[in-house]
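Here are some notes to read alongside the structure. Please keep the sequence open while going through them.

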Amino acid sequence: MTQETTAETGARRGFRLHNIAVPARPLEAALYLVATPIGNLGDITLRALETLAGADVLACEDTRVTRVLLDRYGIQNRPFAYHEHNADEAGPRLLLALEAGKSVALVSDAGTPLVSDPGYRLAQQAIEAGYRVVPIPGASAPLAALVGSGLPNDAFLFAGFLPTKDKARRDRLAEFANVPATLLFFESPHRIGATLLAAAEVLGGRQASVCRELTKTYEEFRRGTLAELAAHYEERDNVKGEIVLVIGPPKDEPASETDVEAVLADLSKALPTARAATEAARLTGLPRKVLYQKLLDMKAADG
């Protein structure tokens, strides 16, 4: 953050739309959390552009990434790096700017700040210090995935990234098994196959959607049951891009205890225990882990 003359500050407050210069008004002192495009640079709001151009201080994860957006719209504001590796040093400097009555805009590399990025810490500190925190809404990968998935959106839960270790991942999924809402997760392209397999076995035959490269050139929505999607990605080793996994809620009318036992008994006659539990999960929508244990209990009771 460098000192500027009033003339220099006035000259840089503005942006361009289709070669039309648009002036940006000075902002009141506050921390502005500005959503930026997740891929397509056209997905930026006019309010966001005015905020990026008019802020006294512009903080971002990666100045190179943010510079691309600023150049697209002719914004001369100089971005200041704030990320997880320099938060201890950069955070206090941004708070000092707020204390001095300056406006501070915060952006992430893509999407809405504070969603799976270190901005939460700065916002919390600003609120505790009594400064205004102003959201500038816009692009959000979880919401884009939700509305494009075709799955219920009346109730949903965004849970960030799942653990990388298989057991921890399955345990985490089991915690969400009875949540009456659509589930959303960020996932790596290198782990999506393993995650879908774990989800199919833990959550059963729910509908899901793998939402990849949202708003970008190769945007893709692949829909199906968790088992179907797991089988598809098991055969692919070149998955690329950023992914949001959307998993539908539990079925409204779960199978009765008698029906479940009948399904398990029938399947166990022709299939090994593990495969019978997997198939029963697909048919009933119940968690595979629960069905597997139930089948073991049934076999023990039969002697």
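1. A definition comes first: Ala, Val, Leu, Ile, Met, Phe, Trp, Tyr, Cys and Pro count as nonpolar, Asp, Glu, Lys and Arg as charged, and the others, Gly among them, as polar. The model discussed here is predicted.

2. On cavities, the structure holds one of 30 Å³ or more. The volume of the largest cavity is about 40 Å³. Its lining is made up of Glu61, Tyr82, Leu106, Val107, Ser108, Pro113, Asp117, Pro118 and Gly119. Sorted by class, that lining has five nonpolar, two polar and two charged residues.

3. Is Phe186 buried or exposed? Phe186 is buried, because its relative accessible area is 12% and buried means under 20%. The rings of Phe161 and Phe186 have centres 5.5 Å apart and planes at 55°, so that pair is tilted. Phe161 lies in strand β8 and Phe186 in strand β9, so the pair links parts 25 residues apart in sequence. Phe158, Phe161 and Phe186 form one aromatic cluster.

4. Elsewhere, Glu234 belongs to helix α9 (residues 226–234). Glu234 counts as exposed because its relative accessibility is 67%. Glu234 and Ile192 are 42 residues apart in sequence, and their C-alpha atoms are 9.0 Å apart in space.

Technical notes: Residues are numbered from 1 along each chain as its sequence is written. This is a predicted model: local features need pLDDT of at least 70, side-chain atom pairs count only at pLDDT 80 or more; totals for chains, interfaces and linings use all residues. Side-chain values use heavy atoms; hydrogens and water are left out. Helices (H or I, at least four residues) and strands (E, at least two) are DSSP runs, numbered from the N terminus. Buried means under 20% relative accessible area, exposed over 50%, partly exposed in between (1.4 Å probe, protein chains only). On a 1 Å grid over the protein atoms alone, a cavity is a set of points where a 1.4 Å probe fits but cannot get out, and a pocket is an open set with protein on both sides within 12 Å along at least five of seven lines; lining residues have an atom within 4 Å of a point. Grid points are joined across faces, edges and corners, and a volume is the space filled by probe spheres set on the points. Rings of Phe, Tyr and Trp (its six-membered ring) pair if their centres lie within 6.5 Å; planes under 30 degrees apart count as stacked, over 60 as edge-to-face and the rest as tilted.
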